Amino acid sequence: MVIKSKKDMSILYDTICPKCGAKLTIHEQGAVGMAGCYEREDANCPVCNTIVGSKRTDGVLIAELKSK
Ligand SMILES: [Zn+2]
């Protein structure tokens, strides 16, 4: 069993919204690695709501605007 030091959020990757060009960080939150609980989650751009990433996970996918 892998123990994660961060609470329950992990940064997956940085991306840029293909529609509005916003710089985003994709986070995965609440994933515990439970086999059988995986669903496809989409991350939406917080600016224009375009889907900017998707992944099969048992957590949720969040796209956050990079502040800097
Ligand atoms: Zn956008």
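**Exercise 1.** Leaving aside neighbours within four places in sequence, which residues is L65 in contact with?

*Solution.* The model is a predicted one.
- Step 1: Locate the residue. L65 lies in strand β5.
- Step 2: Set aside the neighbours within four places in sequence; L65 is then in contact with A22, L24, P46 and V47.
- Step 3: Take L24 from that list and check the separation. L65 and L24 are 41 residues apart in sequence, yet 4.6 Å apart in space, C-alpha to C-alpha.

**Exercise 2.** Decide for L61 and for L65: is each residue buried or exposed?

*Solution.* 
- Step 1: Recall the cut-offs: 20 or more other C-beta atoms within 10 Å make a residue buried, and 12 or fewer make a residue exposed.
- Step 2: Count for L61. There are 22 other C-beta atoms within 10 Å, so L61 is buried.
- Step 3: Count for L65. There are 12 other C-beta atoms within 10 Å, so L65 is exposed.
- Step 4: Place L61 in the chain. L61 is found in strand β5, residues 60–65, and L65 lies in strand β5 as well.

**Exercise 3.** Find what L61 touches, not counting residues up to four places away in sequence.

*Solution.* 
- Step 1: List the contacts. L61 touches I26, E28, E41, D42, A43, G53, S54 and K55.
- Step 2: Check one of them, I26, for distance. L61 and I26 are 35 residues apart in sequence and 7.0 Å apart in space, taken from C-alpha to C-alpha.

**Exercise 4.** Work out the strand order of the open sheet of three strands, and say which strands stand at its edges.

*Solution.* 
- Step 1: Write down the order. The sheet runs β1-β2-β5, with antiparallel pairing.
- Step 2: Identify the edges. β1 (9–16) and β5 each have a single partner strand, so one side of each is left without a neighbour in the sheet.
- Step 3: Examine one pair. β1 and β2 (residues 23–29) pair in the antiparallel sense over seven bridges. Within β2, K23 stands opposite I16.

Key:
Residues numbered from 1 in each chain as written. Predicted model: local features only at pLDDT ≥ 70, side-chain atom pairs only at ≥ 80, totals over all residues. Helix = DSSP H or I, 4+ residues; strand = E, 2+ residues; numbered from the N terminus. Contact = placed C-beta atoms within 7 Å. Pairing = 2+ DSSP bridges.
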